[in-house]
Amino acid sequence: MPNRYEMRDAIDRYKDAADRGAFQVKLGTEGYPPDLNTLVEGVDVGGKKVRFLRHIPVDPMTNKAEWGKRCMSDDPDSTSWCGSNVFDVFTQSTGTALDGTKYQDW
């Protein structure tokens, strides 16, 4: 799922920039974006808007630009989001792959 990897890359670039002090982050986010829209809308870095995604990509499994999210504090296999930061994304599809694994587990 290249779209998922594109989003994970954007999350990592946001985190790297936050860790370098390029912009201030909200307390409790651990430097991760507070939501996916922040990656699209961007953040102010020295008076310039820096964006990490052009748009939220469509999930190829659901054909919607809607993704499950996990916080840094969520369990790796959690399907609920704590709401304070976006550490990871996953498909919301309930489908199963040919090898028997659930798409959500990819």
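## A first look at this protein

Of the 106 residues in the protein, 37% are buried, where buried means under 20% relative accessible area, exposed means over 50%, and partly exposed lies in between (1.4 Å probe, protein chains only). This is a predicted model, in which local features need pLDDT of at least 70, side-chain atom pairs count only at pLDDT 80 or more, and totals for chains, interfaces and linings use all residues. Residues are numbered from 1 along each chain as its sequence is written, and side-chain values use heavy atoms, with hydrogens and water left out.

**The overall layout**

- Two helices and four strands make up the secondary structure; helices (H or I, at least four residues) and strands (E, at least two) are DSSP runs, numbered from the N terminus.
- Starting at the N terminus, the order of the elements is α-α-β-β-β-β.
- The protein is as compact as a globular protein of its length, because its radius of gyration is 14 Å, close to the 13 Å that the globule rule gives for 106 residues. The radius is taken over C-alpha atoms, and the rule is 2.2 Å times the number of residues to the power 0.38.
- Along the principal axes, the C-alpha atoms fill a box of roughly 50 × 25 × 15 Å.
- Among contacts with a separation of 6 or more, 44% come from residues 24 or more positions apart; a contact means heavy atoms within 4.5 Å.

**The disulfide**

- The structure has one disulfide, a term for a pair of cysteine sulfur atoms within 2.5 Å.
- Its partners are Cys71 and Cys82, with sulfur atoms 1.9 Å apart.
- Both Cys71 and Cys82 sit in the loop between β3 and β4, 11 residues apart.
- The link of Cys71 and Cys82 is left-handed, with -100 degrees about the S-S bond.
- Cys71 counts as buried because its relative accessibility is 1%, whereas Cys82, at 38%, counts as partly exposed.

**A closer look at Asn85**

- You can find Asn85 in the loop between β3 (68-70) and β4 (88-90).
- Is Asn85 buried or exposed? Asn85 counts as buried because its relative accessibility is 0%.
- The side chain of Asn85 reaches the backbone nitrogen of Met72 at 3.0 Å.
- A polar atom of the Asn85 side chain also lies 3.3 Å from the backbone oxygen of Thr29.
- Beyond its neighbours within four places in sequence, Asn85 is in contact with residues including Gly28, Tyr32, Pro33, Arg70 and Cys71. Cys71 is also one of the two disulfide partners.

Key:
A polar contact is a pair of N or O atoms within 3.5 Å; within protein, one must be able to donate a hydrogen and the other to accept it, and residues adjacent in sequence count only if both atoms are side-chain atoms.
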